[in-house]
Amino acid sequence: MRFNKLQATQLFDGYRFHQDKVLVLQENGTVEAIIDASEGGDDVQPVAGILTPGFINCHCHLELSHLKGRIPEKTGLADFVRQVVQQRDFSEDAISQAIADAEQEMQQNGIVAVGDICNTTHTLPQKKQGHLYYHNFIEAMGANPAVADKNFEYYETVYRQFEPLPASIVPHAPYSVSDLLWEKILSYPQKQLFSIHNQETADENLWFEQKTGGFAEMFKGMGLSMDFFQPSGKTSLQTYLPRFHSEQQLLLVHNVHTSEADIELARQSATSVYWCLCPNANEYISRTMPPVALLVKNDCNIVLGTDSLASNHQLSIWEEIKTLQKHFPELSLEQMLSWATINGAKALKIEAQYGSFEKGKKPGMAIVTAGS
Ligand SMILES: [Zn+2]
């Protein structure tokens, strides 16, 4: 058998850096071994930069790619959502082309697998081509329990169209899902892998704690009485996390307004929880950063996501790492690269193939340059 032997300036295996090592791959990309450079022989190819397993983008909305550059920055979540909803003048062709371009951008940036939010089937033709691995999170929403049945029927139709690609029906956000819709989602017979936009704004906690703030105004504006909604007196995460069952795995996305008490509750929960950071989107939408030091201090399973091109200038996990490094210089590159690789693979339950250079895996690769 012929092997490809790669010796990079720095080799990261998904967990740690190696010095003076050579990565040996089978011709189809399957990992054979990591060996000492002295044993590499004369057919070792040099690689300039950091060689890592392919990046895992745990949160994207590929179907929103046509909104690149369309939404003004730093106006806050409520205004951001309003602007996204107003953008309707795009042909199917323009949407499809933007999806294809965005996927190609992810490939060029070393991304091999994506946790992708779907409200529609727009991305399906592109995904069927199989360039990247996708777990399709079919996102259900509807705060009004009267429409839960009808809404769920629609999401189930979308889900069925995605089959046999990996997919699951998931809640959009704590404030946008009625009790009845929650029940339908969590009892549906499907892969037990969930995602939710969590604590993206302070208003989300206010709504659950006191039934006040921006969401109270938003529902009023929508003509929705919400008389049936009783505030729990707790934060959003503390209110909804106990709904999940122990065998369900959950990806919490954004976590900008997550407290130590929230993290403590998640640690005690039988549901396994991954914390997805999308720093560039947080900066784009509301000029905020998640409480990274708190998450690290509490040994949380951290992963990274780009969110969509509606709220980001690019789809690059390396750019997310650079933004984290800028705001949190105490984080080590090794730590962040493990979030981008092995942790991401575990969060999407694909660590048997992705996330690390371990014998028998076929994780793809990314080559990046520190300081660029
Ligand atoms: Zn999102």
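Two strands pair if DSSP finds at least two bridges between them. Helices (H or I, at least four residues) and strands (E, at least two) are DSSP runs, numbered from the N terminus. This is a predicted model: local features need pLDDT of at least 70, side-chain atom pairs count only at pLDDT 80 or more, and totals for chains, interfaces and linings use all residues. Residues are numbered from 1 along each chain as its sequence is written, and side-chain values use heavy atoms, with hydrogens and water left out.

- Strand β7 covers residues 111-118, and eight of its eight residues are buried (under 20% relative accessible area; exposed is over 50%, partly exposed in between; 1.4 Å probe, protein chains only).
- β7 is therefore largely enclosed by the rest of the structure.
- Six bridges link β7 to strand β8 (residues 133-140), and the two run parallel.
- Strand β6 (residues 55-60) also runs parallel to β7, joined by four bridges.
- V114 has bridge partners in both directions: N57 pairs with V114 of β7, and V114 pairs with Y134 in β8.
- Strands of a sheet pair through backbone hydrogen bonds, either parallel or antiparallel.

**The zinc site**

- Which protein atoms are donors of the zinc ion? They are H59 (NE2), H61 (NE2), H197 (NE2) and D307 (OD), lying 2.1 to 2.8 Å from the ion.
- Donors here are N, O and S atoms within 2.8 Å of the metal (3.2 Å for Na, K and Ca); water is not among the atoms, so sites may look incomplete.
- The donor residues follow the spacing H-x1-H-x135-H-x109-D in sequence.
- The four donor atoms subtend angles of 82 to 170 degrees around the zinc ion, so the arrangement is irregular.
- Four donors count as tetrahedral if all angles lie between 85 and 135 degrees; four count as square planar and six as octahedral if opposite donors are over 155 degrees apart and all others between 65 and 115; anything else is irregular.
- Both H59 and H61 are buried.

**The four-strand sheet**

- An open sheet has the order β10-β11-β12-β13, with parallel pairing.
- Its edge strands are β10 (193-198) and β13 (302-304), each pairing on one side only.
- Neighbouring strands of this sheet are turned by 30 degrees against each other on average, direction ignored.
- Strand β12 (residues 272-277) and β13 run parallel, joined by three bridges.
- W275 stands opposite I302 in β13.

**Backbone spots to check**

- Most residues other than glycine have a negative phi, and most peptide bonds are trans.
- E163 and P164 are joined by a cis peptide bond, with omega about 5 degrees.
- P164 lies in the loop between α4 (148-162) and β9 (167-171).
- K74 has a positive phi, near 60 degrees, and sits in the loop between β6 and α1 (77-86).
- K74 counts as partly exposed because its relative accessibility is 34%.
- M226 has a positive phi of about 55 degrees and lies in the loop between α7 (214-221) and α8 (236-240).
- M226 is buried, with a relative accessible area of 3%.

**Helices α6 and α7**

- Helix α6 (residues 202-210) packs against α7 at an angle of about 80 degrees, with axes 7 Å apart.
- Axes are lines fitted to C-alpha atoms, for helices over the stretch in contact, and angles run from 0 to 180 degrees between N-to-C directions.
- α6 and α7 are therefore roughly perpendicular (65 to 115 degrees; under 35 is roughly parallel, over 145 roughly antiparallel, the rest oblique).
- D203, E204 and W207 of α6 meet G214, F215, A216 and F219 of α7, where contact means heavy atoms within 4.5 Å.
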